Amino acid sequence: MIFNEKPMPMRDLTKWCKPSAKRMEFDALKRLESLHLIEYDSKGTNVRLNTIFRSNFRDCLTGSQDPNAFGSISTDDDADKIETSFLDKFASHEWENILHFMVGTEGTPTPSRSVLSLLKLGGLMEGESELTITNTGFQFLLQDVNAQIWTLLLQYLNLTSESNMNPVDVLNFIFILGCLELGKSYSVLSLSETQVSMLADLKDLGLIYQKSKTSSRFYPTRLATTLTSDSSALKTPSMAVEQALEESEGQMMTSTSRESIIIETNFKIYAYTNSPLEIAILNLFVQMKTRFSNMVCGQITRESIRNALYNGITSDQIIKFLETHAHPQMKALAKEKLDKKVEFDASHNINTAGGAPQSKTDGTISQHKLEVIPPNVVDQIKLWQLELDRIQTVEGYLFKDFANQQEYDMLSNYATELGVLVWGDKAKRKFFVTKDGMAQVADFANRKLRG
């Protein structure tokens, strides 16, 4: 599509994908559309890449882009080169200070004026003389670091008009940061006036390091170089604390020295951490019982979960947080159990059908989910939220008035494969799909029922 100027018919695009991958195709197109990288015609039957994106991507692939498009590496004397370990420690320290300030950790220095403006503009904190965390702020704390950084950067974009900054230059520099190399120094001379003025604000967020405001070079930190990738930024918000411990003990950091959470089927939690920040975040939805030098113990209760829900935190966010920080042994056991289930189903299919076993990519593994957290804990957390959320609304479209049962079955099955079916009634021949899935289902209906 990058080298094709003409729109691509959706029916041809669908032929590129396996029939079993309809949902993956739909999800991919949905994400591309949300980024405005693809454009549909008025009927939704043809699709093409965004013209500017296609042109720039093509230049990038063929090597004909601006030589400074991805930053200009500094050619100054590198005798005082900054090490990656220092950049990690600096970024973690700056970012941790912001999170500590949000949860109200005693002794935390107040962030810079620009950071405070971002926290207030984003609705993460409120107040005049003394800022306090909001419900949105509680949700923010449970997000991964990349999502948190993008939240503040989007608010930074909103402030550009007030600061008389060029929003295109601001956004361009943010994407450039995501393409820079960790540990390299880059020249300030290749930056625009707007981008130079951004350096101080980005340093306050821990995204770049600059020795002084007059320095001719700057260093991107790991928080910046992972902005546009799937890689994790900082593994944990307590990296600075752990590095200090490593220096004093002379030991290498291991995977178990980071925050690791063990959850039992009786809802007891054991978190291996000594970071006040991580403990404060856990305290949002866990009733703390005991604290040791390198571990805290607590219990997930109905009351602790309800308190989190009242603060705007969702059950999915809690479950995601627990899965992300689960102890490596819990993840290994979950993977082992999943492999056994897949192996059992494959052998069962052979015995009952007398055929060859399905491969993991053909759908056998899709019948199961990797259960890192005990299923009873996951289900109960969701049930506690359902106690508060009695009614849920979904915006979408209702399909009805089918000519026969065959038409209904064909379209409802297609909507199910895409993962956009919300509700269906076979007897009444009606089903409801999400707003995002409407175009795909309607296009499929037009192609199949045109005759």
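**View 1. Strands β1 and β3 pair in the antiparallel sense over 2 bridges.** Here β3 covers residues 46-49. Two strands pair if DSSP finds at least two bridges between them. Helices (H or I, at least four residues) and strands (E, at least two) are DSSP runs, numbered from the N terminus. Met8 stands opposite Val47 in β3. The model is predicted: local features need pLDDT of at least 70, side-chain atom pairs count only at pLDDT 80 or more, and totals for chains, interfaces and linings use all residues. Residues are numbered from 1 along each chain as its sequence is written, and side-chain values use heavy atoms, with hydrogens and water left out.

**View 2. The open sheet around β3 has 3 strands in the order β1-β3-β2.** Its pairing is antiparallel. The edges belong to β1 (8-9) and β2 (38-40). Each has a single partner strand, so one side of each is left without a neighbour in the sheet. Strands of a sheet pair through backbone hydrogen bonds, either parallel or antiparallel.

**View 3. An open sheet of 4 strands runs in the order β9-β10-β12-β11.** Pairing is antiparallel here. At the edges stand β9 (260-263) and β11 (287-291). Each has a single partner strand, so one side of each lacks a neighbour in the sheet. Neighbouring strands of this sheet are turned by 25° against each other on average, direction ignored. Strand β10 (residues 268-272) pairs with strand β12 (residues 296-299) in the antiparallel sense, over 4 bridges. Ile269 stands opposite Gly298 in β12.

**View 4. Helix α7 (residues 145-158) packs on helix α8 (residues 167-177) at an angle of about 160°.** Their axes are 10 Å apart. Axes are lines fitted to C-alpha atoms, for helices over the stretch in contact, and angles run from 0 to 180 degrees between N-to-C directions. That angle makes α7 roughly antiparallel to α8. Angles under 35 degrees count as roughly parallel, over 145 as roughly antiparallel, 65 to 115 as roughly perpendicular and the rest as oblique. Trp150, Leu153, Tyr156 and Leu157 in α7 meet Pro167, Val170, Leu171, Ile174 and Phe175 in α8. Contact means heavy atoms within 4.5 Å. The residues of this contact divide into 9 nonpolar, no polar and no charged. Ala, Val, Leu, Ile, Met, Phe, Trp, Tyr, Cys and Pro count as nonpolar, Asp, Glu, Lys and Arg as charged, and the others, Gly among them, as polar.

**View 5. Trp150 and Phe175 form an aromatic pair between α7 and α8.** A search of the whole structure finds 13 aromatic pairs. In this one, the ring centres of Trp150 and Phe175 are 5.9 Å apart and the planes stand at 45°, so the pair is tilted. Rings of Phe, Tyr and Trp (its six-membered ring) pair if their centres lie within 6.5 Å; planes under 30 degrees apart count as stacked, over 60 as edge-to-face and the rest as tilted. Trp150 lies in α7 and Phe175 in α8, so the pair ties together parts that are 25 residues apart in sequence.

**View 6. Helix α8 also packs against helix α9 (residues 193-204), at about 60°.** Their axes are 10 Å apart. That makes α8 oblique to α9. Asp169, Val170, Asn172, Phe173, Ile174 and Leu177 in α8 meet Thr194, Gln195, Met198, Leu199 and Leu202 in α9. These residues divide into 7 nonpolar, 3 polar and 1 charged.
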